[in-house]
Protein chains: 2
Amino acid sequence: MPGVLTPKGRATRARIVEGAAEVLREKGVAFATLDDVRARTGTSKSQLFHYFPDGKDQLLLAVAQYEADRVLDDQQPYLGCLDSWDAWYRWRDVVVRRYEEQGDHCPLGSLFLQIGRSTPGARAIVVELMRQWQASLAQGVRALQAGGRLPGSFDADQAAAALLAGIQGGVSIMLSTGESAHLRAALDWGIARMREAATAADRGDRRA
Amino acid sequence: MPGVLTPKGRATRARIVEGAAEVLREKGVAFATLDDVRARTGTSKSQLFHYFPDGKDQLLLAVAQYEADRVLDDQQPYLGCLDSWDAWYRWRDVVVRRYEEQGDHCPLGSLFLQIGRSTPGARAIVVELMRQWQASLAQGVRALQAGGRLPGSFDADQAAAALLAGIQGGVSIMLSTGESAHLRAALDWGIARMREAATAADRGDRRA
DNA sequence: CCTATTCTGGACTTTGTAGTCCAACCAGGA
DNA sequence: TCCTGGTTGGACTACAAAGTCCAGAATAGG
């Protein structure tokens, strides 16, 4: 796979990544083989290694990046404009629905077990995803503050971190139990806490 | 492995499970082989299959149960007596420390990817663990309520669910990033919300 | 002691799968 | 037209790891 890829080559490579992502979602990374990918994408062994010379790990990494990109995209445009309470609730609904539909395979979580979390490439992908996700949430909190719906003293970053943790945990519990109750509870609880901080501040303001 | 195991047999079996657990923690389930277990425990292939006739999956399941049992044990006695704010903070510290020490391999999480979450046995283990964990937390919330530190209207089960989700997510983020900040944020945020509910109720009581 | 049963060692078989190799194909530029 | 380099097909190899088998040692029970 020297310097350049022709349009045809690029198309094939993309087909492989997308097909591999499908296979991984369906069978789980532990049971997905290169032959499955080959069959699904209508390619041959040599193509797989032509576009991913370092073999399976490199392909898995590409799929991980592909999936990571989708995670945030799937939450748009809601995640991008969390400037009112309604917007927050709509976003919550989108998140819950997305993961309920996803069923019981976490494309990213499983990927990293196979590749190894410590692999620099893998780690970078997930760290960057978490960073962006948390940044979007923090920005949403600040938007509430800017709109005067939340006191400025409220710690936006800690709120975003806690919310993100709740989402991750809710999803992983759902993967094991099949129930989205925990995901809902985490989101509802988090948003509720912010609303309470808002009304408490109102009371305080009124009193002051 | 007919009906009974002699004392010697039981010891060997236990040695295998514990050794396998160590190996899995160190290498990760994706890379641990029966030969690793064999070497670590000083046993032979035939013993492995003597005590676990259904092979690797059965062994992994036994390890999963073993690890699941430890999760709650490691939080005792703190998890069992969450009847004051101080007790909650002490418990939080224990949880954070336990997972910081555990490093970057989640014995349970990874196990289920290999076995397959949908396997009835695997699912049962994790569902039961979550159930007990959440029940303990809910009991702690009710203990606060019984002590008059928290209004009775507070939803203990939702609180427990949200806290549990936060823990799970905090841990899984820590596994990927190496930072325990999210775990701390989730716990602190959750406990803080309860305290606020308490003080808000105080204000309300005073006002009423 | 004798015998039945459990336990253990280790060589062997089987299988699934990643990765290799080379010949052939296609497309665009000189 | 020919040539070059990216692209493709598919058979082949290499190997690791699960699982099998049987002979022989240890042990419990009578």
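Of the 25 residues around DNA strand D, the nearest are A:Gly9, A:Ser44, A:Ser46, B:Leu34 and B:Gly55. The elements that put two or more residues on the surface near DNA strand D are helix H1 (7-27) and H3 of chain A, along with H1, helix H2 (34-41) and H3 of chain B. Select H3(A) next: with four residues, H3(A) gives the most to this surface near DNA strand D. Coloured by class, the surface near DNA strand D shows six nonpolar, 13 polar and six charged residues. Keep in mind throughout that this is a predicted model.

**DNA strand C**

Now select DNA strand C. Around DNA strand C there are 22 residues, of which A:Leu34, A:Gly55, B:Gly9, B:Ser44 and B:Ser46 come nearest. Two or more residues of the surface near DNA strand C are given by each of helix H2 (34-41) and helix H3 (45-51) of chain A, and by each of helix H1 (7-27) and helix H3 (45-51) of chain B. Which element supplies the largest share of the surface near DNA strand C? That share, four residues, comes from H3(B). By class, the surface near DNA strand C divides into five nonpolar, 12 polar and five charged residues.

**Chain A as a whole**

Chain A has nine helices and zero strands, and its pattern along the sequence reads α-α-α-α-α-α-α-α-α. Along the principal axes, the C-alpha atoms of chain A fill a box of roughly 75 × 40 × 30 Å.

Colour chain A by domain. The domain assignment gives domain 1 (7-53) and domain 2 (67-207). How many Å separate the centres of domain 1 of chain A and domain 2 of chain A, taken over C-alpha atoms? The separation is 31 Å. Five residues from domain 1 of chain A and six residues from domain 2 of chain A make up the contact between these domains. On the side of domain 1 of chain A that touches domain 2 of chain A, three residues are nonpolar, one is polar and one is charged.

**Two helix pairs in chain A**

Two packed helices are described by the angle between their axes and the distance between the axes. Start with H4(A) and H7(A). Their axes come within 10 Å and cross at roughly 5°, which makes H4(A) roughly parallel to H7(A). To see the contact, select A:Leu61, A:Ala64, A:Gln65, A:Ala68, A:Val71 and A:Leu72 on H4(A), and A:Gly121, A:Ala122, A:Ile125, A:Leu129, A:Gln132 and A:Trp133 on H7(A). By class, the contact of H4(A) with H7(A) has nine nonpolar, three polar and no charged residues.

The crossing of H7(A) and H8(A) is right-handed. On the H7(A) side, the contact is made by A:Met130, A:Trp133, A:Gln134, A:Leu137, A:Ala138, A:Val141 and A:Arg142. On the H8(A) side, select A:Ala156, A:Asp157, A:Ala159, A:Ala160, A:Ala161, A:Leu163 and A:Leu164. The contact of H7(A) with H8(A) has 11 nonpolar, one polar and two charged residues. A:Trp133 is listed in the contact of H4(A) with H7(A) and again in the contact of H7(A) with H8(A).

**Where chain A meets chain B**

Bring chain B back into view. The contact between the chains takes 38 residues from chain A and 38 residues from chain B. On chain A, helix H6 (107-115), helix H7 (120-146), helix H8 (156-177) and helix H9 (181-207) each supply at least two residues of the side that touches chain B. H8(A) contributes the largest share of that side, 15 residues. The side of chain A that touches chain B divides into 19 nonpolar, 14 polar and five charged residues.

**Two cis peptide bonds**

The last stop is a pair of loops. Most residues other than glycine have a negative phi, and most peptide bonds are trans. Select A:Gln76 and A:Pro77: the peptide bond from A:Gln76 to A:Pro77 is cis, with omega near 5°. A:Pro77 sits in the loop between helix H4 (56-73) and helix H5 (85-102) of chain A. Then move to chain B, where the peptide bond from B:Gln76 to B:Pro77 is cis, with omega near 0°. B:Pro77 is found in the loop between helix H4 (56-73) and helix H5 (85-102) of chain B.

Note on methods. Residues numbered from 1 in each chain as written. Chains lettered and ligands numbered in written order. Predicted model: local features only at pLDDT ≥ 70, side-chain atom pairs only at ≥ 80, totals over all residues. Contact = placed C-beta atoms within 7 Å. Nonpolar A, V, L, I, M, F, W, Y, C, P; charged D, E, K, R; others polar. Near = placed C-beta within 6 Å. Domains from an automatic or database assignment. Left-handed = near helix turned anticlockwise from the far one by under 90°. Axes fitted to C-alpha atoms, helices over the stretch in contact; angles between N-to-C directions. Parallel < 35°, antiparallel > 145°, perpendicular 65-115°, else oblique.
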